[in-house]
Amino acid sequence: MLARHQDPIVAIATAPGRGAVGIVRVSGRGLDALVLALCGRALKPREATYLPFRDAQGEAIDQGLALYFPGPHSYTGEDVLELQAHGGPVVLQLLLARCLEAAAATDTATGQPCLGGLRVAQPGEFTERAFLNDKIDLAQAEAIADLIDASTSAAARSASRSLTGAFSAEIHGLRDALIHLRMLVEATLDFPEEEIDFLRKANTRGQLSNLEQTLAKVMQRAQQGALLREGIKVVIAGQPNAGKSSLLNALAGAELAIVTPIAGTTRDKVQQTIQIEGVPLHVIDTAGLRESQDEVERIGIARAWDEIASADAVLFLHDLTRWDCAEYKAADAAIEGALTDKLPASVPVIDVWNKVDSAPAAAAPGARQRPSVPLSARTGEGLEALRSVLLQVAGWQSAPEGVYIARARHVQALKAVREHLAEAAAQLDARGPALDLLAEELRLAQNALNAITGEFSSDDLLGVIFSSFCIGK
């Protein structure tokens, strides 16, 4: 453990700004002297005590609740002191400064600082202490941040599920099965003179197949959880006046983008996050795609193509009222070709045939190989069908049970496990299998699983994860 992880830490644990209540939190080992300095008395463990918080002269800074949690029975696994005061920024800064001042003051009984080395915590450092002291694993630590950042109720429930250990339990189950397989293979390697075929009698191939099937189920739930956390980026593209801004407004249920009959009204992107069955979709309205001599509009069009290039899905909007115009069709075909050139094949394009209220849906071309939705952004006709298609292309399965929040790194780790297990199966099925290679693939698969819960993680990874937390958490 790094030296900084031994330092006592303090921070304001509530969000910046004014509120009814604000919290200053201290974590470290041996907080008794600090408790006496601030509260003027010892505190009963895990019992809220109403009292004044005092400065160095004994004057009250504020009055509030003090709670003391002796380690290891605390959030961080260390001694934790929480001061719940009125939520004014000045009051909380005074309490923070008083904690630092009292910690540096000399304890008359020992001649040493009251709490040597107390410093202001870094973002996420309280949760990092909980991880390092084995109160939670890394997946649970990430779930805390995801619960705070959840943008939908479904994401919040899934993050809560991960925080209680549902995801970690799945990973530990996979790991235990892997360890058992590794034991069988290592036994065969260590005792080659034995005539007993350990692998065949133990049904190693069957166990490996069961492990792969279980992994597939865990991956499916993790991918759904990652979708709840991250959402997808959906870009609306098309010619000017096709109804892109009207569609954004209709999906968002608010007048976010300016709508006029004048071509080229939208000069820059307009973005809104919407929810469909709890899945966040980041929908972006862009400038109409066409050749333009207007410098500002050309910049907007260039930005539109940049957004399209980074999209997870594209809504290609067509105007049915102009579909019988050869010039309009030619411009649409040019956009179609550019989309094909700029987008990977994995990015879905949805044809949206707008203005069915002014032109019959039958005016749209026949069925294409990709999703196609007729609608009216003005009246709302067809919007539900579009929402369903968006969920389908996002990969969402309606209200799956037991989904837990997950991150892209978790999904990538599980994919690595799948690849190593597939290679292990290939080695096992080969005539005269190379057992040392089989053992290595199983070892690598276990390492990938351990990286999810933090049992095998680099300090760089921990730094990236906890730096994204808010200060005080």
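What volume does the largest cavity have? About 30 Å³, and the structure holds one cavity of 30 Å³ or more. Here a cavity is a set of points on a 1 Å grid over the protein atoms alone where a 1.4 Å probe fits but cannot get out; points are joined across faces, edges and corners, and the volume is the space filled by probe spheres set on them.

Before you click further: this is a predicted model, in which local features need pLDDT of at least 70 and side-chain atom pairs count only at pLDDT 80 or more, while totals for chains, interfaces and linings use all residues. Residues are numbered from 1 along each chain as its sequence is written, and side-chain values use heavy atoms, with hydrogens and water left out.

Now select Leu 181, Val 185, Thr 204, Leu 208, Leu 428, Leu 438 and Leu 442, which line the largest cavity (lining residues have an atom within 4 Å of a point). Six of the lining residues are nonpolar, one is polar and none is charged; Ala, Val, Leu, Ile, Met, Phe, Trp, Tyr, Cys and Pro count as nonpolar, Asp, Glu, Lys and Arg as charged, and the others, Gly among them, as polar. At least two lining residues come from each of α6 (166-190), α8 (204-230) and α14 (435-453). Helices are DSSP runs of H or I with at least four residues, strands are E runs of at least two, and both are numbered from the N terminus.

Next, show α14 together with α13 (residues 408-429): their axes come within 8 Å and cross at roughly 165 degrees. Axes are lines fitted to C-alpha atoms, for helices over the stretch in contact, and angles run from 0 to 180 degrees between N-to-C directions. That angle makes α13 roughly antiparallel to α14 (the term covers angles over 145 degrees).

Keep α13 on screen and bring in α8. How far apart are the axes of α8 and α13? They are 10 Å apart, and the helices pack at about 160 degrees, so α8 is roughly antiparallel to α13. Thr 204 and Leu 208 are among the α8 residues that meet α13, where Leu 428 is one of the partners.

Two loop stops to finish. Zoom to Pro 72, between β4 (60-69) and β5 (79-87): the peptide bond from Gly 71 to Pro 72 is cis, with omega near 5 degrees. Then pick Asp 134, in the loop between α3 (125-132) and α4 (138-149). Phi of Asp 134 is near 60 degrees, a positive value in a residue other than glycine.

Definitions and conventions. On a 1 Å grid over the protein atoms alone, a cavity is a set of points where a 1.4 Å probe fits but cannot get out, and a pocket is an open set with protein on both sides within 12 Å along at least five of seven lines; lining residues have an atom within 4 Å of a point. Angles under 35 degrees count as roughly parallel, over 145 as roughly antiparallel, 65 to 115 as roughly perpendicular and the rest as oblique. Contact means heavy atoms within 4.5 Å.
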